[in-house]
Amino acid sequence: MHSLTTSDLIPADSTLQGLVGNTPVLRVSQPFTPPGRGFWAKLEGFNPGGIKDRPALYMVERARARGELQPGRPIIESTSGTLGLGLALAGMVHGHPVTLVTDPGLEPSMNRLLAAYGAIVDMVPEPHPTGGWQQARRDRVAELMAQHPGAWCPDQYNNPDNVAAYTPLALELASQIGHIDVLVCSVGTGGHSAGISRVLRQLYPQMRLVGVDTIGSTIFGQPARPRLMRGLGSSIYPRNVAYENFSEVHWVAPAESVWACRQLAASHYATGGWSVGAVALVAGWVARTALRNTRVVAIFPDGPQRYLETVYDDQYCAEHGLLGVTPAPEPEAIGRLDEKEVARWTRCTQVSDPLSPTAQAEGTGGGQK
C-alpha cells in the first residue's frame, strides 16, 4: 500500500507562479448592451497583482536565462502601478531586490502595498517638461541604473518579452471562448494588445483588434496632455505597440470610464480601474453595433481594489468633475488620428504609427517629437 508523503499532499499549482494565469471569463450584457447581446470579459484582476504579473514573471525569467540578470542583482523599473506588483512578485520568486520608480499620481494605497511586498518605492518629484511623469520616471531609472552596476531594467515599453508573455493568455481565451471575431484591449506599453492579437490572428485570421486609449495620450498621434487615468495611455511612444494590428482606436475620457466602472460594479460584481471602464464602454458599443452573433472579447486588466481612493471615491470624483456624466451612446468619429484634439469618447478607423516616415512627412504624430 502506498503511504502518503508530504509531496503527495502539495497541489501542483501551490507555488507563487501557480497563482498567475487561468483567469475566468464573464459574459457582460445589460446595461452595456441590450438583452441577448453582450461581450466576454477576461478577468485578469484574478491574478494576484493583475494582468502584468504575466510579463513581469516572463521578462525576469527570460533575462535570467540569458544571463542579463544575475542571481541576487537588483531589478529597477518605472511603473504606474500594476507592473510594479508583478515585479515585486517576480523578485520574491527569484530572489531579487526590486526598486520601483513612481510619481505622486500613484495611489497612496498602492505605494503602501508595493512596500509591503518588499519593493523599494522611489518617487520622482516633478514631471519632465515634454515627456511628463513617464519620462521623468524613465530618467530616474537611468540614474539608479548608473548607481547600481549589475542592476537590470525590464524596459517594459520596448521589451519584446513583454509581448511574448501574453501567449498563454491568448491560448486560454481560445480554449474558453472558441472563435473570436473582435478583441478589445486598452493600450499603454502595447504589450498585451500586441501579444494576444498576434496569437489569436493565427487562429482567427479575420479577427479585428480594437484599441482603447485615454484622452491626452500620444500613442495614436494625439498631443500629450496631463492625464488623470493611469494604466493606459502614454506620453511617450512605446515601441511594443503593434499599430499594424489595429482595425480602429477609441479614446475615452476619465468621467466616461468612471461611469462604466460603476455600472459594471452595480450590474456584474466584476469591475476594475480606468482601463477596465474604458474597455467596457467600447466593447459594449462594439457588441451593440456589430452583426448579431459577433463574438466580442474584452481584456479587463485588473480589479477595483487599488481605485477605491479614485474611481470609487465620490469626493475624489466630484473634485475632478467625474460624477453625473453619462457617456454618449455613440463615439464621435474622426477620419485621421490627428484630425483634432479629442476631449470625449472618439473613434478613428485609420490607424498608423505616428513615428513612421509617412506620418512624420505628413506632420502627424502630435505630442513629443
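**Entry 1: H8 and H9.** I looked up how helix H8 (residues 254-268) meets helix H9 (residues 274-289) in this predicted model. Their axes come within 7 Å and cross at roughly 85 degrees; axes are lines fitted to C-alpha atoms, for helices over the stretch in contact, with angles running from 0 to 180 degrees between N-to-C directions. H8 and H9 are therefore roughly perpendicular (65 to 115 degrees; under 35 is roughly parallel, over 145 roughly antiparallel, the rest oblique). Among the residues in contact (heavy atoms within 4.5 Å) I noted Trp 259 and Leu 264 of H8 and Trp 274 and Leu 281 of H9.

**Entry 2: basis of the model.** Local features need pLDDT of at least 70 and side-chain atom pairs 80 or more, while totals for chains, interfaces and linings use all residues. Residues are numbered from 1 along each chain as its sequence is written, and side-chain values use heavy atoms, leaving out hydrogens and water. Helices (H or I, at least four residues) and strands (E, at least two) are DSSP runs numbered from the N terminus.

**Entry 3: H6 and H7.** I found helix H6 (residues 167-177) packed against helix H7 (residues 191-203) at about 40 degrees, with axes 8 Å apart. That angle makes H6 oblique to H7. The contact includes Leu 169 and Leu 173 of H6, and Ile 196 and Leu 200 of H7.

**Entry 4: H4.** The buried residues of H4 include Arg 137, Val 141 and Leu 144 (under 20% relative accessible area; exposed is over 50%, partly exposed in between; 1.4 Å probe, protein chains only). Their cover includes strands E3 (75-78), E4 (98-102) and E5 (120-123).
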